[in-house]
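Open the model in your viewer and follow the stops below in order. Each stop says what to select and what is there.

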Amino acid sequence: MTGLRIAGIATYLPEKILTSEAAAASTGLSAEIRKTKLGINSVRIAAADETPSEMATRAIQILCQRDGLDPQTFEFLILVTQNPDYRLPTTACIVQAKAGLSRQIFAYDINQGCSGFVVALAQAHGLIKSGLFRQGLIVTTEVYNRIIDPSDKDTFGLFGDAACAIAVTSAAETPQEGTRGFFFGTDGSGAGHLIQRTGGSAAETGVARDAFLYMNGRAIFEFVVRNIPSEIDRFLASQNLTKNSIDQWVFHQANRFMNGRLVQQMGLSEEAAFFDISDIGNTVSCSIPIALERLTATATFRGGRTLLCGFGVGLSWAGCIYDFPRN
Amino acid sequence: MDVGDLLTKLENLINECDVDTETPFSLQAALDANDVLPLDSMGLFDLGMKVEDTLGVRLSDEEMIASRHARFLFSVIKERMHL
(Lines give C-alpha, C1' and ligand atoms only; values in the text may rest on other atoms or scores of the structure.)
Protein backbone atom coordinates (compact mmCIF):
# COMPACT_ATOMS: atom_id res chain seq x y z
CA MET A 1 0.00 0.00 0.00
CA THR A 2 1.55 3.27 -1.07
CA GLY A 3 1.10 5.85 1.58
CA LEU A 4 2.85 9.02 2.51
CA ARG A 5 6.45 9.79 3.26
CA ILE A 6 7.67 12.12 5.97
CA ALA A 7 9.94 14.52 4.08
CA GLY A 8 11.17 16.47 7.09
CA ILE A 9 10.55 17.23 10.76
CA ALA A 10 11.51 20.42 12.57
CA THR A 11 10.95 21.28 16.21
CA TYR A 12 10.58 24.59 17.98
CA LEU A 13 11.15 24.62 21.73
CA PRO A 14 10.48 27.67 23.92
CA GLU A 15 13.57 29.12 25.59
CA LYS A 16 12.30 29.08 29.16
CA ILE A 17 13.43 26.01 31.07
CA LEU A 18 11.73 24.60 34.16
CA THR A 19 14.12 22.31 36.01
CA SER A 20 13.02 19.32 38.04
CA GLU A 21 14.41 21.06 41.11
CA ALA A 22 12.15 24.06 40.52
CA ALA A 23 9.16 21.80 39.83
CA ALA A 24 9.93 19.86 43.01
CA ALA A 25 9.99 23.03 45.08
CA SER A 26 6.60 24.00 43.72
CA THR A 27 4.87 20.64 44.08
CA GLY A 28 6.64 18.48 46.63
CA LEU A 29 7.34 15.67 44.13
CA SER A 30 11.11 15.28 44.47
CA ALA A 31 13.59 16.10 41.75
CA GLU A 32 15.13 12.65 42.22
CA ILE A 33 11.86 10.88 41.41
CA ARG A 34 11.32 13.18 38.44
CA LYS A 35 14.77 12.42 37.05
CA THR A 36 15.23 8.75 37.86
CA LYS A 37 11.71 7.40 37.78
CA LEU A 38 10.06 9.67 35.23
CA GLY A 39 13.17 10.39 33.16
CA ILE A 40 12.56 14.13 33.14
CA ASN A 41 15.34 16.57 34.09
CA SER A 42 13.60 19.66 32.74
CA VAL A 43 10.77 20.85 30.50
CA ARG A 44 10.24 23.91 28.35
CA ILE A 45 7.58 26.48 29.17
CA ALA A 46 6.12 28.78 26.52
CA ALA A 47 6.32 32.51 27.28
CA ALA A 48 3.17 34.63 27.09
CA ASP A 49 3.91 35.69 23.51
CA GLU A 50 4.65 32.12 22.44
CA THR A 51 1.12 31.25 21.44
CA PRO A 52 0.41 27.94 19.70
CA SER A 53 0.21 29.75 16.35
CA GLU A 54 3.47 31.58 17.01
CA MET A 55 5.31 28.39 17.96
CA ALA A 56 3.79 26.56 14.99
CA THR A 57 4.96 29.33 12.68
CA ARG A 58 8.49 29.19 14.08
CA ALA A 59 8.60 25.42 13.58
CA ILE A 60 7.46 25.85 9.96
CA GLN A 61 10.11 28.53 9.41
CA ILE A 62 12.82 26.26 10.81
CA LEU A 63 11.65 23.42 8.55
CA CYS A 64 11.48 25.53 5.39
CA GLN A 65 14.80 27.31 5.97
CA ARG A 66 16.66 24.13 6.89
CA ASP A 67 15.26 21.98 4.08
CA GLY A 68 14.93 24.69 1.42
CA LEU A 69 11.15 24.35 1.17
CA ASP A 70 8.84 27.03 -0.19
CA PRO A 71 5.93 27.54 2.26
CA GLN A 72 3.67 28.34 -0.70
CA THR A 73 3.96 24.79 -2.03
CA PHE A 74 2.11 23.06 0.82
CA GLU A 75 -1.40 22.10 -0.29
CA PHE A 76 -2.84 21.29 3.13
CA LEU A 77 -2.16 22.07 6.76
CA ILE A 78 -3.38 19.80 9.54
CA LEU A 79 -2.72 21.46 12.88
CA VAL A 80 -2.96 19.47 16.09
CA THR A 81 -3.50 21.29 19.39
CA GLN A 82 -5.71 21.16 22.45
CA ASN A 83 -4.88 24.71 23.48
CA PRO A 84 -5.72 26.77 20.40
CA ASP A 85 -5.06 30.51 20.23
CA TYR A 86 -8.85 31.06 20.32
CA ARG A 87 -12.00 28.96 20.41
CA LEU A 88 -12.49 30.30 16.94
CA PRO A 89 -11.12 30.70 14.33
CA THR A 90 -9.00 27.60 14.05
CA THR A 91 -5.32 28.05 14.78
CA ALA A 92 -4.56 26.60 11.33
CA CYS A 93 -6.07 29.70 9.72
CA ILE A 94 -3.94 31.99 11.87
CA VAL A 95 -0.83 29.98 11.00
CA GLN A 96 -1.63 30.18 7.26
CA ALA A 97 -1.18 33.94 7.42
CA LYS A 98 1.70 34.04 9.90
CA ALA A 99 3.78 31.41 8.10
CA GLY A 100 3.08 32.74 4.61
CA LEU A 101 1.33 29.59 3.44
CA SER A 102 -0.71 29.53 0.24
CA ARG A 103 -4.14 31.19 0.22
CA GLN A 104 -5.40 28.08 -1.59
CA ILE A 105 -4.32 25.79 1.25
CA PHE A 106 -6.78 23.34 2.87
CA ALA A 107 -6.26 24.09 6.58
CA TYR A 108 -7.94 22.83 9.73
CA ASP A 109 -7.34 21.90 13.36
CA ILE A 110 -7.56 18.58 15.13
CA ASN A 111 -8.32 18.67 18.84
CA GLN A 112 -6.34 15.66 19.99
CA GLY A 113 -3.52 15.13 22.44
CA CYS A 114 -1.01 12.34 22.67
CA SER A 115 -2.60 10.34 19.84
CA GLY A 116 -2.91 13.49 17.72
CA PHE A 117 0.16 13.17 15.56
CA VAL A 118 -0.75 9.69 14.30
CA VAL A 119 -4.37 10.82 13.78
CA ALA A 120 -3.10 13.70 11.65
CA LEU A 121 -0.73 11.37 9.82
CA ALA A 122 -3.68 9.11 8.97
CA GLN A 123 -5.68 12.05 7.65
CA ALA A 124 -2.73 13.24 5.57
CA HIS A 125 -2.28 9.67 4.32
CA GLY A 126 -5.92 9.66 3.18
CA LEU A 127 -5.75 13.09 1.57
CA ILE A 128 -2.68 12.13 -0.43
CA LYS A 129 -3.80 8.60 -1.25
CA SER A 130 -7.12 9.93 -2.55
CA GLY A 131 -5.24 11.96 -5.10
CA LEU A 132 -6.65 15.21 -3.77
CA PHE A 133 -3.23 16.52 -2.77
CA ARG A 134 0.41 15.65 -3.33
CA GLN A 135 2.12 17.30 -0.36
CA GLY A 136 1.22 19.03 2.83
CA LEU A 137 2.10 19.97 6.33
CA ILE A 138 1.26 18.54 9.72
CA VAL A 139 1.89 20.83 12.66
CA THR A 140 1.66 19.82 16.31
CA THR A 141 1.77 22.72 18.75
CA GLU A 142 1.05 22.40 22.41
CA VAL A 143 1.13 24.65 25.47
CA TYR A 144 -0.27 22.44 28.22
CA ASN A 145 1.55 24.58 30.77
CA ARG A 146 -1.03 27.31 30.15
CA ILE A 147 -3.59 25.11 31.93
CA ILE A 148 -1.42 23.39 34.54
CA ASP A 149 -1.56 24.29 38.22
CA PRO A 150 2.05 24.94 39.36
CA SER A 151 1.30 23.24 42.68
CA ASP A 152 -0.08 20.03 41.08
CA LYS A 153 2.50 17.25 41.47
CA ASP A 154 0.65 15.04 38.98
CA THR A 155 1.12 17.45 36.06
CA PHE A 156 3.51 20.35 36.76
CA GLY A 157 7.01 19.77 35.47
CA LEU A 158 5.89 16.64 33.58
CA PHE A 159 4.42 18.29 30.51
CA GLY A 160 6.59 20.42 28.23
CA ASP A 161 5.54 22.95 25.60
CA ALA A 162 6.73 22.48 22.00
CA ALA A 163 5.79 22.70 18.34
CA CYS A 164 6.72 20.48 15.42
CA ALA A 165 6.34 20.97 11.68
CA ILE A 166 6.27 17.83 9.58
CA ALA A 167 6.39 17.97 5.78
CA VAL A 168 4.58 15.04 4.17
CA THR A 169 4.44 13.97 0.56
CA SER A 170 3.31 11.07 -1.57
CA ALA A 171 5.41 7.93 -1.20
CA ALA A 172 4.60 6.79 -4.74
CA GLU A 173 8.19 7.34 -5.85
CA THR A 174 9.76 5.92 -2.68
CA PRO A 175 8.11 2.52 -2.25
CA GLN A 176 10.64 1.49 0.39
CA GLU A 177 9.58 4.31 2.69
CA GLY A 178 6.28 5.47 4.10
CA THR A 179 3.14 4.70 6.06
CA ARG A 180 1.79 1.15 5.75
CA GLY A 181 -1.27 0.71 7.92
CA PHE A 182 -3.09 2.41 10.76
CA PHE A 183 -5.14 1.50 13.80
CA PHE A 184 -7.25 3.66 16.07
CA GLY A 185 -9.26 3.49 19.24
CA THR A 186 -11.51 5.60 21.42
CA ASP A 187 -12.92 5.07 24.89
CA GLY A 188 -14.87 8.14 25.88
CA SER A 189 -15.95 6.52 29.15
CA GLY A 190 -12.54 7.60 30.40
CA ALA A 191 -12.86 11.21 29.25
CA GLY A 192 -12.90 12.50 32.82
CA HIS A 193 -9.51 11.00 33.65
CA LEU A 194 -7.58 13.66 31.71
CA ILE A 195 -9.62 16.81 31.32
CA GLN A 196 -9.84 20.57 31.60
CA ARG A 197 -13.40 21.10 32.73
CA THR A 198 -13.74 24.76 31.86
CA GLY A 199 -13.41 26.63 28.59
CA GLY A 200 -15.90 24.64 26.52
CA SER A 201 -19.63 24.93 25.98
CA ALA A 202 -20.28 22.29 28.63
CA ALA A 203 -18.11 24.19 31.10
CA GLU A 204 -18.66 22.80 34.56
CA THR A 205 -19.11 25.17 37.45
CA GLY A 206 -17.21 24.54 40.61
CA VAL A 207 -13.99 25.32 42.35
CA ALA A 208 -11.28 27.37 40.72
CA ARG A 209 -9.12 24.28 40.23
CA ASP A 210 -11.47 23.19 37.45
CA ALA A 211 -9.72 25.72 35.24
CA PHE A 212 -6.60 23.57 35.44
CA LEU A 213 -5.77 20.28 33.81
CA TYR A 214 -6.88 17.30 35.88
CA MET A 215 -5.14 13.97 35.45
CA ASN A 216 -6.05 10.73 37.20
CA GLY A 217 -2.61 9.19 36.97
CA ARG A 218 -3.72 5.77 38.14
CA ALA A 219 -6.50 5.53 35.54
CA ILE A 220 -4.23 6.67 32.71
CA PHE A 221 -1.52 4.23 33.78
CA GLU A 222 -3.98 1.34 33.86
CA PHE A 223 -5.52 2.35 30.52
CA VAL A 224 -2.12 2.31 28.83
CA VAL A 225 -0.68 -0.84 30.37
CA ARG A 226 -3.91 -2.84 30.09
CA ASN A 227 -5.10 -1.74 26.64
CA ILE A 228 -2.30 -0.66 24.37
CA PRO A 229 -0.45 -4.02 24.21
CA SER A 230 -3.58 -5.90 23.15
CA GLU A 231 -4.56 -3.20 20.66
CA ILE A 232 -1.14 -3.45 19.06
CA ASP A 233 -1.31 -7.25 19.05
CA ARG A 234 -4.70 -7.05 17.33
CA PHE A 235 -3.36 -4.63 14.72
CA LEU A 236 -0.23 -6.68 14.00
CA ALA A 237 -2.33 -9.81 13.57
CA SER A 238 -4.58 -7.97 11.11
CA GLN A 239 -1.48 -7.11 9.08
CA ASN A 240 -0.12 -10.68 9.30
CA LEU A 241 2.81 -9.36 11.29
CA THR A 242 4.36 -10.24 14.64
CA LYS A 243 6.32 -8.16 17.14
CA ASN A 244 9.48 -9.61 15.64
CA SER A 245 8.58 -7.91 12.34
CA ILE A 246 9.08 -4.53 13.98
CA ASP A 247 12.62 -3.10 14.04
CA GLN A 248 11.85 -0.28 16.46
CA TRP A 249 8.99 1.11 18.47
CA VAL A 250 8.18 4.78 18.95
CA PHE A 251 5.49 5.19 21.57
CA HIS A 252 4.07 8.42 22.86
CA GLN A 253 6.77 9.62 25.24
CA ALA A 254 4.81 9.97 28.50
CA ASN A 255 7.41 9.22 31.14
CA ARG A 256 10.01 6.55 31.83
CA PHE A 257 7.85 4.72 34.36
CA MET A 258 4.80 4.36 32.15
CA ASN A 259 6.71 3.66 28.96
CA GLY A 260 8.87 1.16 30.83
CA ARG A 261 5.86 -0.76 32.09
CA LEU A 262 4.32 -0.71 28.62
CA VAL A 263 7.49 -2.12 27.10
CA GLN A 264 7.67 -4.75 29.85
CA GLN A 265 4.02 -5.72 29.37
CA MET A 266 4.61 -6.16 25.65
CA GLY A 267 7.70 -8.30 26.22
CA LEU A 268 9.96 -5.91 24.30
CA SER A 269 13.55 -5.09 25.08
CA GLU A 270 14.16 -1.59 26.45
CA GLU A 271 16.49 -0.85 23.55
CA ALA A 272 13.78 -1.60 20.98
CA ALA A 273 11.61 1.28 22.16
CA PHE A 274 13.08 4.72 21.62
CA PHE A 275 12.74 7.01 24.63
CA ASP A 276 14.31 10.43 25.07
CA ILE A 277 12.48 13.13 27.00
CA SER A 278 14.99 14.16 29.67
CA ASP A 279 15.13 17.79 28.47
CA ILE A 280 11.53 18.22 27.26
CA GLY A 281 9.14 16.03 29.29
CA ASN A 282 5.82 14.85 27.90
CA THR A 283 5.16 17.12 24.92
CA VAL A 284 1.74 15.61 24.13
CA SER A 285 1.12 15.60 20.34
CA CYS A 286 4.71 16.69 19.70
CA SER A 287 6.23 13.71 21.48
CA ILE A 288 6.23 11.25 18.56
CA PRO A 289 7.53 13.68 15.90
CA ILE A 290 10.27 14.85 18.28
CA ALA A 291 11.14 11.24 19.02
CA LEU A 292 11.28 10.48 15.28
CA GLU A 293 13.50 13.50 14.66
CA ARG A 294 15.84 12.40 17.44
CA LEU A 295 15.75 8.70 16.55
CA THR A 296 16.66 9.29 12.91
CA ALA A 297 19.52 11.57 13.98
CA THR A 298 21.17 8.92 16.17
CA ALA A 299 24.38 7.35 14.90
CA THR A 300 22.97 3.87 15.39
CA PHE A 301 19.79 4.42 13.38
CA ARG A 302 19.57 1.82 10.62
CA GLY A 303 16.06 2.48 9.34
CA GLY A 304 13.58 -0.36 9.01
CA ARG A 305 10.04 -1.05 10.10
CA THR A 306 8.84 1.22 12.88
CA LEU A 307 5.63 1.08 14.86
CA LEU A 308 4.34 4.43 16.07
CA CYS A 309 1.66 4.57 18.75
CA GLY A 310 0.17 7.52 20.60
CA PHE A 311 -2.27 7.22 23.50
CA GLY A 312 -3.85 9.40 26.14
CA VAL A 313 -6.51 12.08 26.47
CA GLY A 314 -9.93 11.06 25.15
CA LEU A 315 -9.22 8.37 26.02
CA SER A 316 -7.86 7.67 22.58
CA TRP A 317 -5.08 5.84 20.82
CA ALA A 318 -3.73 5.70 17.29
CA GLY A 319 -0.87 3.84 15.72
CA CYS A 320 0.71 2.96 12.43
CA ILE A 321 3.60 1.28 10.76
CA TYR A 322 6.15 3.51 9.11
CA ASP A 323 8.91 1.98 7.02
CA PHE A 324 12.23 3.80 6.80
CA PRO A 325 14.71 2.78 4.12
CA ARG A 326 17.26 0.35 5.58
CA ASN A 327 20.87 1.46 5.59
CA MET B 1 -5.71 -19.92 49.44
CA ASP B 2 -4.98 -19.34 53.10
CA VAL B 3 -3.51 -16.34 54.88
CA GLY B 4 0.02 -17.68 54.49
CA ASP B 5 -0.44 -18.07 50.74
CA LEU B 6 -1.77 -14.53 50.52
CA LEU B 7 1.23 -13.19 52.42
CA THR B 8 3.60 -14.92 50.01
CA LYS B 9 1.70 -13.87 46.88
CA LEU B 10 1.37 -10.27 48.01
CA GLU B 11 5.03 -10.07 48.94
CA ASN B 12 5.97 -11.38 45.49
CA LEU B 13 3.72 -8.82 43.81
CA ILE B 14 5.27 -5.98 45.82
CA ASN B 15 8.75 -7.15 44.88
CA GLU B 16 7.73 -7.24 41.20
CA CYS B 17 7.16 -3.50 41.51
CA ASP B 18 9.99 -0.99 41.56
CA VAL B 19 10.69 -1.15 45.30
CA ASP B 20 13.00 1.41 46.83
CA THR B 21 15.08 -1.17 48.68
CA GLU B 22 18.30 -2.91 47.78
CA THR B 23 17.25 -6.23 49.34
CA PRO B 24 13.94 -7.99 48.65
CA PHE B 25 11.09 -6.51 50.64
CA SER B 26 9.72 -8.64 53.49
CA LEU B 27 6.00 -8.16 53.97
CA GLN B 28 6.01 -10.10 57.25
CA ALA B 29 8.71 -7.81 58.63
CA ALA B 30 6.76 -4.73 57.54
CA LEU B 31 3.61 -6.08 59.19
CA ASP B 32 5.49 -6.80 62.40
CA ALA B 33 7.02 -3.33 62.43
CA ASN B 34 3.83 -1.58 61.25
CA ASP B 35 5.94 -0.20 58.41
CA VAL B 36 5.06 1.39 55.07
CA LEU B 37 5.68 -0.15 51.67
CA PRO B 38 8.85 0.98 49.87
CA LEU B 39 6.80 2.24 46.92
CA ASP B 40 6.06 5.72 45.63
CA SER B 41 2.71 6.68 44.10
CA MET B 42 3.63 5.21 40.73
CA GLY B 43 4.73 1.98 42.37
CA LEU B 44 1.37 1.86 44.15
CA PHE B 45 -0.45 2.24 40.79
CA ASP B 46 1.55 -0.70 39.54
CA LEU B 47 0.87 -2.77 42.65
CA GLY B 48 -2.85 -1.96 42.52
CA MET B 49 -3.05 -3.30 39.00
CA LYS B 50 -1.09 -6.43 39.84
CA VAL B 51 -3.28 -7.08 42.90
CA GLU B 52 -6.42 -6.76 40.80
CA ASP B 53 -5.10 -8.96 37.99
CA THR B 54 -3.66 -11.64 40.29
CA LEU B 55 -5.94 -11.65 43.34
CA GLY B 56 -9.10 -10.19 41.85
CA VAL B 57 -9.30 -7.39 44.40
CA ARG B 58 -9.85 -3.85 43.11
CA LEU B 59 -8.74 -1.19 45.59
CA SER B 60 -10.44 2.20 45.50
CA ASP B 61 -8.30 5.33 45.04
CA GLU B 62 -8.60 6.06 48.77
CA GLU B 63 -7.65 2.49 49.67
CA MET B 64 -4.76 2.74 47.26
CA ILE B 65 -3.35 5.74 49.11
CA ALA B 66 -3.85 4.07 52.48
CA SER B 67 -2.22 0.92 51.12
CA ARG B 68 1.14 2.52 51.60
CA HIS B 69 0.73 1.10 55.11
CA ALA B 70 1.46 -2.61 54.93
CA ARG B 71 -1.03 -3.57 57.62
CA PHE B 72 -3.87 -1.75 55.88
CA LEU B 73 -3.08 -3.30 52.52
CA PHE B 74 -2.87 -6.80 53.93
CA SER B 75 -6.02 -6.49 56.02
CA VAL B 76 -8.18 -5.02 53.28
CA ILE B 77 -7.18 -7.70 50.79
CA LYS B 78 -7.60 -10.43 53.40
CA GLU B 79 -11.10 -9.16 54.14
CA ARG B 80 -12.11 -8.91 50.48
CA MET B 81 -10.90 -12.45 49.90
CA HIS B 82 -12.78 -13.67 52.97
CA LEU B 83 -9.66 -15.15 54.53
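Two strands pair if DSSP finds at least two bridges between them. Helices (H or I, at least four residues) and strands (E, at least two) are DSSP runs, numbered from the N terminus. This is a predicted model, in which local features need pLDDT of at least 70 and side-chain atom pairs count only at pLDDT 80 or more, while totals for chains, interfaces and linings use all residues. Residues are numbered from 1 along each chain as its sequence is written, chains are lettered from A and ligands numbered from 1 in the order in which they are written, and side-chain values use heavy atoms, with hydrogens and water left out.

**Stop 1: strand 13 of chain A**

Select residues 316-324 of chain A. Strand 13 is largely enclosed by the rest of the structure, because 9 of its 9 residues are buried (under 20% relative accessible area with a 1.4 Å probe, protein chains only; exposed is over 50%, partly exposed in between). One side carries A:S316, A:A318, A:C320, A:Y322 and A:F324, the other A:W317, A:G319, A:I321 and A:D323, and both faces are covered.

**Stop 2**

Now show strand 12 of chain A, which pairs with strand 13 in the antiparallel sense over 9 bridges. A:G304 is the residue opposite A:F324. The two strands make a hairpin with 3 residues between them, and A:G314 in the turn has a positive phi of about 145 degrees.

Strand 11 of chain A runs parallel to strand 12, with 4 bridges joining them. Here A:F251 has A:C309 as its bridge partner.

**Stop 3: the core around A:W249**

Which residues have the most contacts inside the largest nonpolar core? They are A:W249 and A:F251, in a core of 90 residues. Such a core is a set of buried Ala, Val, Leu, Ile, Met, Phe, Trp, Tyr and Cys residues joined through side-chain atoms within 4.5 Å. Select A:W249 and its contacts (heavy atoms within 4.5 Å): leaving out residues up to four places away in sequence, A:W249 touches, among others, A:I232, A:L236, A:M266 and A:L307. A second, separate core has 25 residues, including B:L7 and B:F74.

**Stop 4: helix 7 of chain A**

Select residues 256-266 of chain A. Buried residues in helix 7 include A:F257, A:L262 and A:M266. Their cover includes helix 2, helix 6, strand 11 and strand 12 of chain A, together with helix 3 of chain B. At the N-terminal end, A:N255 caps the helix, with a side-chain oxygen 3.1 Å from the backbone nitrogen of A:F257 (a polar contact is a pair of N or O atoms within 3.5 Å; within protein, one must be able to donate a hydrogen and the other to accept it, and residues adjacent in sequence count only if both atoms are side-chain atoms). After the helix comes A:G267, with a positive phi near 70 degrees.
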